[in-house]
Amino acid sequence: MQTDVPEAIETKVRSLSGVLLRLTFVITLSLGLAAAIATIWVDLKREKDAVENLAYDFMQSAAPSAAAAAYNFDDEAAKQVANGLFLKRAIIAISIINDGEVMVAQQRQVDPTLPQFLGIGARDEIELSQQLFEPGEASDSPPIGELSIKVDKSLVAPEIVARLFTFFVVTTAKNAAFGLILFWAVFHVLTRHISALTRSIQMWQPGSDRVQIPTVPGILRDTEVASLGEHVSELTELANGALNRVRRSHDHVVGNNQVLSERVKDRTLELERANRRLRRMADHDALTGLFNRASFDRLLAERFTACQHSADEVAVLLIDVDHFKPFNDFYGHQAGDAALVRLAELLRDIQNETGCIMTRYGGEEFVCILRAEPGTPEVLAARVHAALETAPIEHQHSTVARRITVSIGIASTAEKEAFTNADMLVSAADDALYEAKHAGRNCTVSSSAEIRQRAHENRLSVKALLDATDAKEFEPFGQPQVDARTGALIGVEALVRWIKPDGTIVPPGQFLPIAERSGLITQIDTIVLEKLSAFLAQYPDALPSLSINVSGESLASEGYLDRILELARASQTRITVELLETAFIDRPDELLLWQLETLRDAGVAVEIDDFGTGRTSILGLMAISPDRLKVARELILPLGKREGQTKLVTSVIDIAASLEMNVLAEGVETEEIARLLIDIGCPIQQGYLHGKPMPLEDLLQSLGPSPRKFQA
Ligand code: C2E
Ligand code: CA
């Protein structure tokens, strides 16, 4: 077996060499052929270009004779020119045009000179032309005719074809002969020795000594064999050296592995630390450092689930900063943020002392989670109020409070209400917080079944109001304003009504507070405006003046002011806006003053509602400088019933007079009051005596024959 191996190798080497050499032969021959064809192709291209150039030169040299023949209308001479040109084999067609007319048009058939083989000899035609000028005239003068020839570039001279053919045959023969010699020499001489060498190398084993290289008589000389032996031995040593190095580096790698694993451990620790930092950042609110909303949700869900499987109870306290929006608006967000940070510090102190969890729920809202035993949430809430009293966060410039206060809503699973999930608990705390806000703020309210019922009803009302807004179920009613001395109608106040689909008329007192809280007031005001516009479009001059109640929120909303301006421009009726919120008249800001200025410029009058209830500041009033004040019906109604009331109303009317503003008395229900008001200088009146709020169409109907006179 052992001895068969080299023989098998030799056979393999021989057959492999045979295959390789045959392949080499074919490749050499093909490359030679390709090179020959490429050379011929390039040569041919050059020859074809030469044919074209020669034909062109020939045509140019014939041009003067052609021009003379054309100039003299000499057809014979023209034919001679053509015959002369046909001496060039490659020219296959000639035409001479004289003044647009054909003098000569000849073409001929010429046998191809190139072999018709692989498209080499295919016709390669080109048309050349030369303009003909009057003899003696320059080439920029108008041409008198044209000499054109058609050249077949494939008609190269036969000598050239013969030369190219010879070149091809000789080159191919040369390549074939060279390939054959190579084949013989390499296969029969070299292969033998390659086999012998292969056998020796085959016997060599890594780690063995030098290799014995067989001498190859006639081909390799002894010295060459010796040097080959040297090379192979060097290679052996190199291989042995490499083997040792591999062994050494293996040991090294094992050592390094230990260092590496230490480093990996360090990096892992570092990563874990970074991860913890990241988690902390993700869990905490960036401003206050307390747990954030996401953490609150997670922590509460955990506590809630734990409570369901134990006797423990959990409570949440929703802590909301009172009047935070005006604080923020007035002092700016930075001051707002600083106040929240201070509050968070107080809450954190309480957290550290009691073990509850304080979190920032969002904006100015904080939530506390604590284990609830009866009474503990209320005690904790009291601690929060007390902390804000002992370490007050200043709120000096506010008209509503000197320091920051909070309202707190509490809900606890100890209440034995069926809170099936944590969200319900938070929602119950939210309802309680809402009650706390309505109870005057700076107080705590704990959730109860009654509160939740109210909140539920409130949500239903909001939903109903939302649907009513979508269906535009709001209609402006009108209440007349008259000059009580004459009964003349001087204006109408638009008062909104919700007309339910079943015909029920809901007064604004029952739905506007909900609309204000749920942010629907602007939409309702806009619907009222739309309907008033439609009414005025139909009855442009039926009313002397129309007053519209405008909430601060609507005025601040986008587009509302423009709608009023549009209404004022489009109608002949004078438009008046009644500003409702005394709070925003207290400190009129730049925007409000600009809006009022814009309204006045458009001819819209401005009135202040509910004047005299003591809430409107005189300074604010002077800044706004309204066209008229409406004396509140709360002041008018008790006239004649309460002692001193006449004096009070008189002084209110005097204040208006001293501010040089007109007045209108609201809520005039009786003749006596109407007369009394006339006596004390307030003849312009509005009230049930003069007319109740009614649909605008009905109001138009009740206007007497004189349209400006209202018949109550
Ligand atoms: P207001 O602007 O002070 O409107 C006058 C209110 O007094 C009206 O109540 C009117 O019906 C009532 N009233 C008129 N004469 C008498 C009277 O002789 N005696 C008594 N006791 N009351 C009288 P209404 O229509 O219920 O409106 C209530 C409030 O709703 C209005 O008070 C106004 O602040 C607000 N409001 C009405 N319409 C709109 C509106 O379209 N948009 C907005 N934002 N608020 C509106
Ligand atoms: Ca009003």
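This is a predicted model: local features need pLDDT of at least 70, side-chain atom pairs count only at pLDDT 80 or more; totals for chains, interfaces and linings use all residues.
1. Helices and strands here are DSSP runs, numbered from the N terminus: a helix has at least four residues and a strand at least two.

2. The shell around ligand 1 consists of 22 residues, with Asp525, Asp609, Arg633, Glu669 and Tyr688 the closest. By class, ten of the shell residues are nonpolar, four are polar and eight are charged.

3. Four elements each give at least two residues to this shell: the strands β11 (488-499) and β15 (605-611), and the helices α11 (508-517) and α12 (521-538). The largest contribution is that of β11, with four residues.

4. A nitrogen atom of the ligand is 2.8 Å from a side-chain N or O atom of aspartate 525.

5. On the oxygen side, a side-chain N or O atom of asparagine 549 lies 3.1 Å from an oxygen atom of ligand 1. Taken on its own, ligand 1 has 800 Å² of accessible area, and the protein covers 86% of it.

6. The lining of the second largest pocket comprises 36 residues; Glu493, Leu495, Pro508, Asn549 and Arg633 lie nearest its centre. Of the lining residues, 16 are nonpolar, seven polar and 13 charged.

7. Elements that each supply at least two residues of the pocket lining are β11, α11, α12, β13 (545-550), β15 and α18 (633-636). Arg633 is among the residues closest to ligand 1 and also among those nearest the centre of the pocket.

Note on methods: Residues are numbered from 1 along each chain as its sequence is written. Chains are lettered from A and ligands numbered from 1 in the order in which they are written. Side-chain values use heavy atoms; hydrogens and water are left out. A residue is near a molecule or strand if one of its heavy atoms lies within 4 Å of it. A polar contact is a pair of N or O atoms within 3.5 Å; within protein, one must be able to donate a hydrogen and the other to accept it, and residues adjacent in sequence count only if both atoms are side-chain atoms. Accessible areas come from the Shrake-Rupley method with a 1.4 Å probe; for residues, only the protein chains shown count as cover. Ala, Val, Leu, Ile, Met, Phe, Trp, Tyr, Cys and Pro count as nonpolar, Asp, Glu, Lys and Arg as charged, and the others, Gly among them, as polar. On a 1 Å grid over the protein atoms alone, a cavity is a set of points where a 1.4 Å probe fits but cannot get out, and a pocket is an open set with protein on both sides within 12 Å along at least five of seven lines; lining residues have an atom within 4 Å of a point.
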